[in-house]
Amino acid sequence: MAERYELKQKEVWDGNMAAAHALRQAQVDVVAAYPITPSTPIVQNYAQFLADGYVDGEFIMVESEHSAMSACVGAAAAGGRVATATSSQGYALMVEVLYQASGMRLPIVMTVVNRALASPLNIHGDHSDLYLGRDAGWIHIIANNPQEAYDLTLCAFRIGEDERVRLPVTTNQDGFLVSHTAQVVEPLQDEEAYKFIGEYKALNPMLDTKNPVTYGAQTEEEWHFEHKANQHKALMESFPVIEEVFNEFEKVSGRKYNVVETYKLDDADIALVLMGSAYETAMLAVDKAREEGIKVGLLMPRVFRPFPYNEVAEKLKNVKAIAALDRSAPMGTTGALYNEVAGALAAKGQSAIMTNYIYGLGGRDTTVEHILEVIRETEKNAKAGKRVTDLQGFINLRGPKLSFN
Amino acid sequence: MLQIRWHSRAGQGAVTGAKALADVMARTGKYVQAYSVYGAEKRGAPMTAYDKIDDKPILDHSKWMTPDYVLVIDPSLVFQEEIVDNTTDDTIFIVTSHMDKEDLLSVAKHLQGKKVYVVDAIKISQEEIGRAIPNTPMLGAFMKVSGIIPFEDFLVSIEDILSKFPKKIIEGNLRAIKRAYEEVK
Amino acid sequence: MATPKEMLTTWDKVQFGAVLPAFEDPEHKKRSKFHSYNYSVADWRVEKPVFNRELCIDCDFCWVSCPDSCFIVEEVVNKRGKKQAKIVGINYNLCKGCAVCVEVCPTPIKSLLMFPEYVDNDEALKQWPTKDNK
């Protein structure tokens with residue numbers, strides 16, 4: 001039996017330590033990982049917990065991230081609660097197996113620390129890896145600070161393992177800005193956290209030798225479409241479960257999460273849509289803009305996949321202009337978040353003026369002042385009743401002005 | 001919000017120092033943020049670490065700040081002009097040097113007209129801890145200059161934070177902290 | 001189309017996660033509809049293997065090598081009181097006549113030989129080679 005870890009009511013943890021404690025409290029059976037900056041400390045801390053007797057489980061050291069996710073798939077198919085962590089290039093190497101995990105409906109939890117993708121090499125935070133895994137069939141949840149990284153990792157187990165869902169889940173936190181930033185975190189005590197997550201229920205475990213099963217069967221054109229449609233439906237219909245888990249979590253922690261988060265959006269004329277730590281920085285910009293008389297609000301999809309398009313459109317129905325901020329190089333089109341929001345609005349026949357901003361690539365600093373500038377530009381569009389600013393702008397980029405229309 | 005910027009070399013313990021200060025302040029009920037800015041470079045490269053301390057949750061995740069305090073724990077970095085970046089006339093500098101304040105300011109001209117305190121955190125850590133790890137003595141000096149919390153309370157918290165280390169190390173650090181508290185001027 | 005029409009379920013009824021069970025009823029070893037055991041290609045056969053129990057040493061090479069799980073096995077207790085698998089025959093509903101079993105059979109005179117499909121098995125056994133005539 002694992003030892004109980006003494007936790008203070010308030011701890012000062014960075015995002016990595018917060019995620020590692022959540023994995024520890026979930027009493028994961030198997031963690032297979034290949035550490036990579038900036039998520040290394042998650043794996044390192046977890047291994048330390050295990051060595052110190054705080055975890056009853058297996059830690060498998062593997063030779064690459066592809067092997068890490070493969071071992072996770074094997075262990076989850078065998079019937080265990082499984083988790084891992086990665087970032088950036090490691091995430092990229094896992095991608096092939098991410099699709100296998102979701103197709104086999106294995107509720108693996110992966111704590112992702114978002115980092116830019118090379119080349120050029122960069123260890124700092126942006127959402128390139130999150131966007132890379134967008135269509136892999138996983139649930140992607142976004143955490144904006146260490147407290148959320150902890151809370152949402154606990155929720156991730158319960159969401160993914162729910163019988164109505166049974167899908168793998170990532171929790172995402174910004175590299176360094178959250179992962180290496182120590183803040184006050186109020187953890188649950190071990191028993192309370194484990195009680196919230198619950199015992200793992202294996203489904204079709206391969207280690208049940210009396211009832212052998214084949215995982216990863218070949219399907220071809222007679223079957224593949226039906227299976228993929230079935231899997232997509234599970235993802236699309238996971239919203240009520242996610243909400244249910246968020247509600248349950250509020251009961252034990254007092255902290256409430258929503259599938260779509262908003263800030264001062266109710267009376268807003270303009271809105272900014274963004275995800276990650278910059279959402280919190282933007283709150284301060286909104287407060288300042290409101291002092292200037294600009295009625296601005298914020299919206300963040302807490303869950304990037306499945307994308308809550310109906311709720312996003314509903315919450316944005318009264319705004320006149322929207323700026324969607326993407327923290328990933330869009331490489332040949334408008335940013336993914338812009339596209340998602342534009343699609344959501346179009347589906348409801350809404351026609352707010354939309355612009356796109358690219359920010360924070362490779363950890364580039366994005367300050368309150370930068371976001372305030374975006375708010376002021378968006379305000380111009382709302383006032384003019386048409387788009388008078390660039391379709392796509394770049395925040396805090398050195399050099400001559402770059403924009404696309 | 002109180003904002004503190006550390007200037008250090010990778011490996012001197014500024015990240016640990018910044019996190020320890022955040023931990024100490026969190027125990028008094030404050031909200032804190034401690035982070036650092038560094039690349040994937042080698043030990044010895046100049047880097048910065050940051051503390052933000054406030055009465056309400058800290059939402060700003062940008063790295064930029066106008067520091068109230070600048071703590072320089074490496075004696076050679078005192079001579080880099082970057083240490084005055086984004087500071088105001090009210091910013092207080094606590095720097096590590098074997099020189100006294102007058103001699104130092106005559107060489108480090110960028111610090112002239114600034115509020116500067118000097119402590120030889122390198123010598124103190126070498127003598128009391130046995131290694132040139134100037135982070136904890138700097139905390140002692142900061143406690144004296146800022147008076148942010150009672151020194152006795154600080155000592156209780158920091159002893160608990162250091163409790164994972166061997167007794168000899170803890171005692172050395174506490175001696176170094178107390179000496180820096182006395183010697184900073 | 002290779003899959004029998006009655007097996008083509010719709011998207012809402014497909015097997016969860018494409019995880020396919022081997023048995024519909026594990027206790028009675030009743031194979032599931034997904035098991036390739038139920039997918040016969042025996043009508044392709046033009047030559048059949050015939051099994052000669054008299055010569056068989058129960059090495060199970062044929063059982064391991066057969067791509068269609070044709071060999072019928074019985075559990076018996078040997079002289080030392082231990083459980084052992086005994087090859088008792090061939091399920092011709094499964095055999096496609098590939099002759100791998102004949103290839104791997106190690107007995108000095110093969111315990112398995114290929115004969116034309118139309119030759120009766122008793123007749124085939126009568127034609128079996130002997131030590132002098134192999």
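The structure is a predicted model, in which local features need pLDDT of at least 70 and side-chain atom pairs count only at pLDDT 80 or more, while totals for chains, interfaces and linings use all residues. Residues are numbered from 1 along each chain as its sequence is written, and chains are lettered from A and ligands numbered from 1 in the order in which they are written. Helices (H or I, at least four residues) and strands (E, at least two) are DSSP runs, numbered from the N terminus.

**Where chain A touches chain C**

- The contact takes 17 residues from chain A and 16 residues from chain C, two residues being in contact if their C-beta atoms, placed from the backbone, lie within 7 Å.
- On the side of chain A, strand E9 (213–214) and helix H8 (220–236) are the elements that give two or more residues, and H8(A) provides the largest share, five residues.
- E9(A) pairs with strand E1 (residues 20–21) of chain C in the antiparallel sense over two bridges, where pairing requires that DSSP finds at least two bridges between the strands.
- Within this pairing, Thr214(A) stands opposite Leu20(C).

**Two helices in chain B**

- Two packed helices are described by the angle between their axes and the distance between the axes.
- The axes of helix H5 (residues 151–161) and helix H6 (residues 167–183) of chain B come within 11 Å and cross at roughly 155°, with axes being lines fitted to C-alpha atoms over the stretch in contact and angles running from 0 to 180 degrees between N-to-C directions.
- That crossing makes H5(B) roughly antiparallel to H6(B), a term for angles over 145 degrees, whereas those under 35 count as roughly parallel, 65 to 115 as roughly perpendicular and the rest as oblique.
- Phe151(B), Leu155(B), Ile158(B) and Glu159(B) in H5(B) meet Ile170(B), Leu174(B), Ile177(B) and Tyr181(B) in H6(B).

- Most residues other than glycine have a negative phi, and most peptide bonds are trans.
- The peptide bond from Ala118(A) to Ser119(A) is cis, with omega near 5°, and another cis bond, with omega about -5°, joins Ser119(A) and Pro120(A).
- Arg166(A) has a positive phi near 45° and is buried, with 21 other C-beta atoms within 10 Å (buried means 20 or more such atoms, exposed 12 or fewer, and partly exposed in between, with C-beta atoms placed from the backbone).
- Asp60(C) has a positive phi near 70° and is partly exposed, with 15 other C-beta atoms within 10 Å.
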